[in-house]
Amino acid sequence: MMAVEMNVFYVTTPIYYPNAPPHIGHAYTSVFADVLARFNRLIGNNVFFLTGNDEHGLKIQRVAEKAGKHPKEFVDEMASVYREYWRTLGISYDHFIRTTDPYHEKAVKEAFSYIHGKGLIYKAKYSGMYCVDCEKYYSPGEYIEVDGKPHCPIHNKPLEYLEEETYYFKLSEFKDYLLDILENKDVVYPQQYAREVASKIRNEGLRDVSVARPVERVGWGIPVPFDDKYVIYVWFDALMNYLSGVGYPDDKERLQLYWSNAHHVIGKDILWFHTAVWFSILKALDLPPPRRVIVHSYLINRGLKIGKSAGNVISIEELVSRYNGSDGVRYLLARIFNTDKDSEVSFELLDSIYNSELADTYGNLARRVGTLSMKKMNGKVYRRSVDKAVADLVATHVGAYIDSMKNYEVSKALEHAMEIARYANQYVNESKPWEKPNPSKELYTLLELIRAATILLHPVIPSASLKLASSFGFEIENPLNIRLEGVERYTVVEAPILFRKVQVERQGVGVGTT
Ligand code: ME8
């Protein structure tokens, strides 16, 4: 068993299929993981944030063919496209992994051989259905029938019939092990997803799974190291990124350090792979499960999961231009983040959160207080005593924010930051600093409230918060250390408009209707 280093925080996103550019659904996961990474850095943890692309398999092979490109050329181009999107959205990953990276390929081969050497991978015939969009085998009972033909329940497309010799992984061996983790250990968050997987295993049992494809059918993959007629199944390849990205197999020290506190953020569509399949592969490699698998639900539009196949994609460009750059988008995605329930997104909803919380409550407050500080105090606001009631209120919200963040409840954490801003709005209206000849106590109190809210918001709106900190002359510090009366003197040089209001359109005109 590895020692748990609590000051280490290893966080991952799924590695996405680069068959198309990322959309709001991918941004949703990546922004959430980024907020956790930034929060953990801010409280002083040793963070490693891994994201990347899942570049092998039939799905990629086919889109590359369609584009008239070699798959490698295709995925090379897409890797730059993804990196650029994540740069635009301020995703502060430490490493961008690609499954075509040589160190990753080596790790996958080594793991495959190791498990084969243990007798847990064997050769046998497979016949059954396959969904290329999911890159997943479907057994009867798992797929739906449309006009009497097997269809994928996620993509609603006909499944392909496969009959081939393949290599199987003995998933069935891990039934008791998996049930113990799912039913007794706190790995899957929220727990309802652990129960879901456990009951599937209890009801349907566990079948061994194919982990290879014949090279003449799927050429684009990592060769099985001891049989060049096969390539390794894309999911075995992909899941291994979480290990190869932190040093497996050679850098054992690094692997041990980060694996002891690994957090996988995923959508519920890939829950089975990240629990039943992944925990078993890890066990076969003599490794413990990750610390946490954090599962979220879907963003939906007009009742359907947002995705390319449903044709209801909301583009990241559209969001960035509408909500004043990346911070607005990040805030909205983090604010609607939901682990349990699917969230219906519409511009109407996003506009209203953006306008009321970011533009009015927070942005307008900062602008007003900044302007008053410059007008009334020439921008220099010295330390005054802050009323105990104010300090207590801030301490309560800061504490609740930290607890929420540690429980991955980002949306709830944001509410606490907003509560401080709401209180400050009320305070400015009631104390009316514009009427006083020397409102230094009022303005100092307000600046302290803004500072506290801004520090709490920093992981979500990194650029705007830094801009405000430099305009007002304070530091973004560890939220654990926030104490009021912490700043000796504010020097307000600018009262920026952080979040310009969006014009709300006619009702009914919004996402997906164009
Ligand atoms: O599954 N709502 O890649 P993928 C919420 N390569 N999240 C969504 C979403 C939506 N409408 N649409 C996409 C794969 N996502 C594999 C992963 S990991 C070892 C391999 C997000 O490109 C969500 O995180 O299909 C989901 O799990 C992921 O994108 C699927 O991305």
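At 4% relative accessibility, Cys131 counts as buried. That figure, like everything below, comes from a predicted model. Cys152 is tucked away too: its relative accessibility is 0%, so it also counts as buried.

Cys131 takes part in none, and its nearest cysteine sulfur, which belongs to Cys152, lies 3.7 Å away. Looked at from the other end, the closest cysteine sulfur to that of Cys152 is the one in Cys131, and 3.7 Å is too far for a bond.

Next come the helices, starting with H6. This helix runs over residues 191–204, 14 residues in all, and spans 20 Å between its first and last C-alpha, close to the 20 Å expected at 1.5 Å a residue. Which residues of H6 are buried? They are Tyr193, Ala194, Val197, Ala198 and Ile201. Viewed down the axis of H6, these buried residues fall within an arc of 135°, so they line one face of the helix. Over on the other side of H6 sit Arg195, Arg202 and Asn203, which are exposed.

Helix H14 can be read in much the same way. It takes in residues 388–406, has 19 residues and reaches 27 Å from first C-alpha to last, close to the 27 Å expected at 1.5 Å a residue. The buried residues here are Val390, Val394, His397, Val398, Tyr401, Ile402, Ser404 and Met405. Around the axis they cover an arc of only 160°, which puts them on the same side of H14.

The structure holds one cavity of 30 Å³ or more. The largest cavity has about 50 Å³ of space in it. Its lining is made up of 13 residues, and those closest to the centre are Gly57, Arg213, Val218, Ile232 and Val234. What kinds of residue make up this lining? Eight are nonpolar, three are polar and two are charged. Among the residues closest to the centre, Arg213 belongs to the charged class, because Arg is counted there along with Asp, Glu and Lys.

Definitions and conventions
Residues numbered from 1 in each chain as written. Predicted model: local features only at pLDDT ≥ 70, side-chain atom pairs only at ≥ 80, totals over all residues. Heavy atoms only, no water. 1 Å grid on protein atoms, 1.4 Å probe; cavity = no way out; pocket = protein on both sides within 12 Å on 5 of 7 lines; lining within 4 Å. Points joined across faces, edges and corners; volume = space filled by probe spheres on them. Disulfide = S-S within 2.5 Å. Buried < 20%, exposed > 50% of the residue type's maximum accessible area, 1.4 Å probe, protein only. Helix = DSSP H or I, 4+ residues; strand = E, 2+ residues; numbered from the N terminus. Expected span 1.5 Å × (residues − 1). Arc of directions from axis to C-beta.
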